[in-house]
Amino acid sequence: MKMSSEFIFSKKGKRKLTPFLGKELLYDYISNRLDDERKRAVDSLLKDSKEIQDEVLMLKRAMSYTEELAQTGISEKIIDEIKVPKTYIQGFFQKIRWSEWPSGLKLGIEVLTVASCILLVIILIPWNKVIKFPIVQTSQLVLSEVKKDISKSSSNEIVIAEKNATPEELVFQDETEKTAESVNNQKTVQAQAPVKTDSKSVNEASKNNTKPQPESIKTQGFLYRGSIRVSNLDVTSEKFVKKIEEFGGRKAGEVPLGWKKGESTYFHFTIPEAKYESLKSFLIEYGKIQLNKEKHDRVMPDGIIRIIINVYEDKDK
Amino acid sequence: MTRMSDSDLRAIALFFFFSTLDDNFALNCASEAHSICVKKLQKNPHLNPRITLVAACLECWNKYKNKITRGKPQYSNDSGWMLPKNLNLSSWNEFQKKATEEELLALITSKILNISDEEISIGMGVSIGTLRFRVARGLKKLAACLNHGLSPVSLVR
């Protein structure tokens, strides 16, 4: 095809590039991507059209503006942040723009979080077990005290006395009375049966004491409760007090044995279990009595029972 | 080559900064795009880093574009983005709000990041002609935004 100085866009010739088409070619024209033929056509359009000239100027301005934007720099801090992969928590804090929050609000939230954590820990700790823990230790200490007494005792009789002693003789020992009671036991045993012992028996006894006895641990306590009607309340009550004391009974609770409670007397005491039947047969001599065994929170030591008896005046007799 | 150069990192960061105009969001997206890019390059070391960069940026953009609020810029000058002095970003804000997604991304990659049209077209999966058309349309819109910003001055004349 023969090229002329005037650009021919049709077979008939002399048809110029329209402004509409020319506008679409302007970006390529500015970028120098058009071939010579089209470049000349856009050039000729530019000469004639003020609108196209303005458009070229605008495009050039826009391009220089993007060149300015391209000069934007980035700090090393941002580069480092992009390089290091973020954890979920870091991402979360960045997302909520934590660093831009008011310091008062941040402090409040931090305090609230710490308080919640402390509260959670307090709730989750099993305080019952924690509180009970030292009590267990105390009971272990009591066991070691007994062991200590045995090791300290120089005479064989003391060991034997403790071994042979019936529950009645041992059960009522308060911490303060222990020493006196043990001395009494010694005397009793020495008087009744002076047994010859050798070092082997002492060792055996000590072994028996040190070995943990497989006792069933009591978890439920019991209480015997009953009432009796007697004639001549005051005199009978005094007799009851004496007899209970004879059987090794001791007052329990705050009031003394035979405490006057209106028109009745009140007996709240502990007694060796072995004496229970004897006491019952004694009381039957004075009137009809029925003792009921009731469940109670307080657990008594082995061989000891707790009894509450109300004694009334029998007005029928 | 699995390690990206600082200029590539800068390109990723600027891509998201100018497309979102939200410094924190841009940082998060750039971080994710960077890790995508690194993974792709580790998988295939023969990939062109620039093409991979464009593809990773586009992938990340498509993932988060619904969360971007256009026309509400959220950036501060002291947050590490060092804009040239005396540069007025209001025209770009206007353009970012009005331009279509294709125009915006084409203009950023081609004219701000200065990546070649061939690399962009492969990375975006479009023809070079389509890309140039988008850039031209984008430039026209940006020019209109710039002109709009100067209209009071022309009235004075």
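Two strands pair if DSSP finds at least two bridges between them. The exercises below use that rule on a predicted model.

**Exercise 1. Which strands of chain A does β2(A) pair with, and in which sense does each pair run?**

Step 1. Locate strand β2 of chain A at residues 221-230.

Step 2. Take strand β6 of chain A, residues 292-296. It is joined to β2(A) by 5 bridges, and the two run antiparallel. R225(A) has N292(A) of β6(A) opposite it.

Step 3. Take strand β7 of chain A, residues 304-313. Here 7 bridges link it to β2(A), and the two run parallel. I228(A) has V311(A) of β7(A) as its bridge partner.

Step 4. β2(A) pairs antiparallel with β6(A) and parallel with β7(A).

**Exercise 2. Find the strand pairing that links chain A to chain B, and state its sense.**

Step 1. Start from β1 of chain A, residues 73-74.

Step 2. Find the partner. It is strand β1 of chain B, residues 81-82. The pairing is antiparallel, over 2 bridges.

Step 3. Check the count. At least two bridges are needed, so these strands pair with 2 bridges.

Step 4. Name one bridge. G73(A) is partnered by M82(B) in β1(B).

**Exercise 3. Describe the interface between chain A and chain B, from its extent to its makeup.**

Step 1. Count residues. Chain A brings 32 residues into contact with 46 residues of chain B.

Step 2. Give the area. About 3600 Å² is buried between the chains, and carbon and sulfur atoms give 61% of that. Y27(A), Y65(A) and I82(A) supply 19% of the area that chain A buries against chain B, more than any other three residues.

Step 3. Count polar links. The interface has 12 residue pairs in polar contact, with both residues at pLDDT 80 or more.

Step 4. List the elements on the chain A side. Those giving two or more residues are α1 (19-30), α3 (50-69), β1 (73-74), α4 (76-83) and α5 (88-95). α3(A) gives the most, with 10 residues.

Step 5. Sort the residues on that side. There are 13 nonpolar, 6 polar and 13 charged.

**Exercise 4. Where does E24(A) find its salt-bridge partner, and how far apart are the closest N and O atoms?**

Step 1. Side chains of opposite charge can pair when their charged atoms come close.

Step 2. Count. The whole structure has 16 salt bridges over all chains. The interface of chain A and chain B has 4 salt bridges.

Step 3. Identify the pair. E24(A) bridges to K140(B), with the closest N and O atoms 3.8 Å apart. The cut-off is 4 Å, so the pair at 3.8 Å counts.

Step 4. K140(B) lies in helix α7 of chain B, residues 128-156, and E24(A) lies in helix α1 of chain A.

Key:
Residues numbered from 1 in each chain as written. Chains lettered and ligands numbered in written order. Predicted model: local features only at pLDDT ≥ 70, side-chain atom pairs only at ≥ 80, totals over all residues. Heavy atoms only, no water. Contact = heavy atoms within 4.5 Å. Buried area = accessible area lost by both parts, 1.4 Å probe. Salt bridge = Lys/Arg side-chain N within 4 Å of Asp/Glu carboxyl O. Polar contact = N/O pair within 3.5 Å; in protein donor to acceptor, adjacent residues only side chain to side chain. Helix = DSSP H or I, 4+ residues; strand = E, 2+ residues; numbered from the N terminus. Nonpolar A, V, L, I, M, F, W, Y, C, P; charged D, E, K, R; others polar.
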